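Work through the two exercises below with the sequence and the structure in view. Each task is followed by a solution that goes step by step.

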Amino acid sequence: MGKVWFVGAGPGDPELITVKGQRLLREAGAILYAGSLVSEACTLWASEGCEIADSKGMTLEDITSWLIEQAAKHDTVIRLQTGDPGLYGALIEMLQPLDAAGIESEVVAGVSSAFASMAAASESLTLPEVTQTVIFTRVEGRTPMPEGESLRELAQHKTTICMFLSITLLNKVREELLAAGWHDDDKILVVQKASWPGEQKIVRGTIANIREKCRAEKIAAQAMIVVSPTLGARDWQELKKSKLYDASFTHRFRKAGKND
Ligand code: SAH
């Protein structure tokens, strides 16, 4: 029996897959990719003769039986997932049937679209003395949120919040943020198809107008929403510098001056 690898394909740009992921794609005898988001990376790096399938129309059961069947034929089988496999990727649901079938598996981390979205906008997820915390979440839609994790509750911390799977719920996003103490003129960022060559869209707005702006740009899917007190910091005059590069700060690779 072969081994099944759950590989993070990254956010869309084929160059944003890891070196390890790319090597595994070259070695793979079969690849099952998750819809349109990762097809290109697949065809670029897969070897000739590799069996490639799209899981778009498949149920979870179809997916796991496909992987199990392929593992009987090939040493290396890949389930290629968008971004990082551990974020909204149904990873555990797929691992369990493989475990039950006695098939070896391993997960390879990927660049999440949350990182690619902030990179696309040249924004920082954290800033000294502004926020040192990032929340990855989604707004409640068909999937219910566990207790204590509503956006209204999470947003009270005033940290950076990256919202997946929520672009059609911008009304609700606004409602919840306002209830948590954010303001209509606070900055918000939407990035669609972050890192996709030629297709990425960056929309900056306020909590009040982002929905209209996204509608005007026809953004209704494949988009990340970010609210953060760090947004726009590139234009700030006053910035608390990171201690990491501060001359008076000793760390593992550099000793501070004697008088510090
Ligand atoms: N595991 C993925 C997330 C899968 S859930 C990751 O780590 O990125 C799918 C959601 O991810 C989408 O609804 C959207 O919110 C976000 N997403 C995926 N790719 C994206 C991209 N290239 N740009 C912006 N958002 C993206």
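**The shell around the ligand**

The shell around the ligand divides into 10 nonpolar, 6 polar and 2 charged residues, where Ala, Val, Leu, Ile, Met, Phe, Trp, Tyr, Cys and Pro count as nonpolar, Asp, Glu, Lys and Arg as charged, and the others, Gly among them, as polar. This is a predicted model, in which local features need pLDDT of at least 70, side-chain atom pairs count only at pLDDT 80 or more, and totals for chains, interfaces and linings use all residues. Residues are numbered from 1 along each chain as its sequence is written, and side-chain values use heavy atoms, with hydrogens and water left out.

**Exercise 1.** Find how many residues surround the ligand, and which are the closest.

Solution. Take as near any residue with a heavy atom within 4 Å of the ligand; 18 residues then surround it, the closest being Pro 11, Leu 87, Ser 113, Ala 194 and Ala 223.

**Exercise 2.** Identify polar contacts (N or O pairs within 3.5 Å).

Solution. First, a backbone N or O atom of Leu 87 lies 2.8 Å from a ligand nitrogen. Next, a polar side-chain atom of Ser 112 lies 3.0 Å from a ligand oxygen.

Conventions: A polar contact is a pair of N or O atoms within 3.5 Å; within protein, one must be able to donate a hydrogen and the other to accept it, and residues adjacent in sequence count only if both atoms are side-chain atoms.
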